[in-house]
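Subject: Structure for you to look at

Hello,

The structure we spoke about is below, with the sequence. My notes on it follow.

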Amino acid sequence: MVTHPGKGLHGQAVEELGRRIIRGDYPPGTVVDPVKFEAELGVSKTVVREAMRVLASKGLLESKQKRGTTIRPRADWNLLDSDLLRWQGSSAPTDAFLEDLAEVRAIVEPAGARLAAARRTPSDLEAMRQALDAMAAAGADAEAMVEADLAFHRALLDAAHNELLSRMEVVIEAGLRVRDRIVHGAQHHSDSIPVHQELLDAVEAGDPDAAVAAVESLLAQASDDLAAVRARDGQDEAHDTQPKEAP
């Protein structure tokens, strides 16, 4: 079994089986064999049974008498579950998944910024400042930049002081983590600190329109950076598949 640091056997079984289902190793309708999982993962029957129970709670599996346990249709999956979002973005996210995340961010974050500009507290502003400082300090450390970026956007949503909107953090985090991992990992991106600063300044000034404009600029920059990296990757793949001329 592929190990997932920081997780016990049960957690690792959930991770491994969940990732396999998400990436399509077992298409919807497939009857799964717990005994096979025990052998493949090298874990006990109890571990597999508990892992399958967790995956069933996320809408991935269902058990019926005489039919056994099957993979449920994608329409039944709890796609807003934080684990499902993470699994979809952790390996090779599809263009459709990235586009869906970008669209959700474009709906949620401008609204969050508008409310944040009207409702922010001194502690909200301090959280955003600390995250921005961490972004500046990250330098070429891609992982540190990703975590600081996530902290900034989490603080922005929290500053809206809307509990339901704050729960959208799981989607925003998934979108940011996937985008940042691709872009910062490739070391091919625009400097996003100035536009983050503009957003913080607008929220601090209590200017909702300026906050929305800053978020929209930030999202456009993020989209452009991602498109540039994926286009470059596509060119590299095309070059690698070109037949080589005989010497």
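In helix 6 (residues 122-138), the buried residues are Asp124, Leu125, Met128, Ala131, Leu132, Met135 and Ala138, where buried means under 20% relative accessible area, exposed over 50% and partly exposed in between, with a 1.4 Å probe and protein chains only. Helices (H or I, at least four residues) and strands (E, at least two) are DSSP runs, numbered from the N terminus.

The model is predicted: local features need pLDDT of at least 70, side-chain atom pairs count only at pLDDT 80 or more, and totals for chains, interfaces and linings use all residues. Residues are numbered from 1 along each chain as its sequence is written, and side-chain values use heavy atoms, with hydrogens and water left out.

The face of helix 6 turned away from the buried side carries the exposed residues Pro122, Ser123, Asp133, Ala136 and Ala137. On the buried side, helix 6 packs against helix 5 (95-119), helix 7 (142-158) and helix 10 (193-205), contact meaning heavy atoms within 4.5 Å. After helix 6 comes glycine 139, with a positive phi near 60 degrees.

The largest nonpolar core has 25 residues; such a core is a set of buried Ala, Val, Leu, Ile, Met, Phe, Trp, Tyr and Cys residues joined through side-chain atoms within 4.5 Å. Met128, Phe152, Leu156, Leu199, Val203 and Ala211 have the most contacts inside this core. Two or more residues each come from helix 5, helix 6, helix 7, helix 10 and helix 11 (208-240). Helix 6 gives the most, with six residues. Leaving aside neighbours within four places in sequence, valine 203 is in contact with Ala113, Ala116, Ala117, Arg120, Leu125, Met128, Leu156 and Ala211. Another core, of 22 residues, lies apart from the largest one and includes Phe37, Val43, Val54 and Leu55.

As for the strands, strand 3 (residues 68-71) pairs in the antiparallel sense with strand 1 (residues 31-32) over two bridges, pairing being called if DSSP finds at least two bridges between two strands. Valine 31 has threonine 70 of strand 3 as its bridge partner. Strand 2 (residues 61-64) also pairs with strand 3 in the antiparallel sense, over four bridges, and here serine 63 stands opposite threonine 69. The hairpin of strand 2 and strand 3 has three residues between the strands, and in it lysine 66 takes a positive phi near 70 degrees.

Regards
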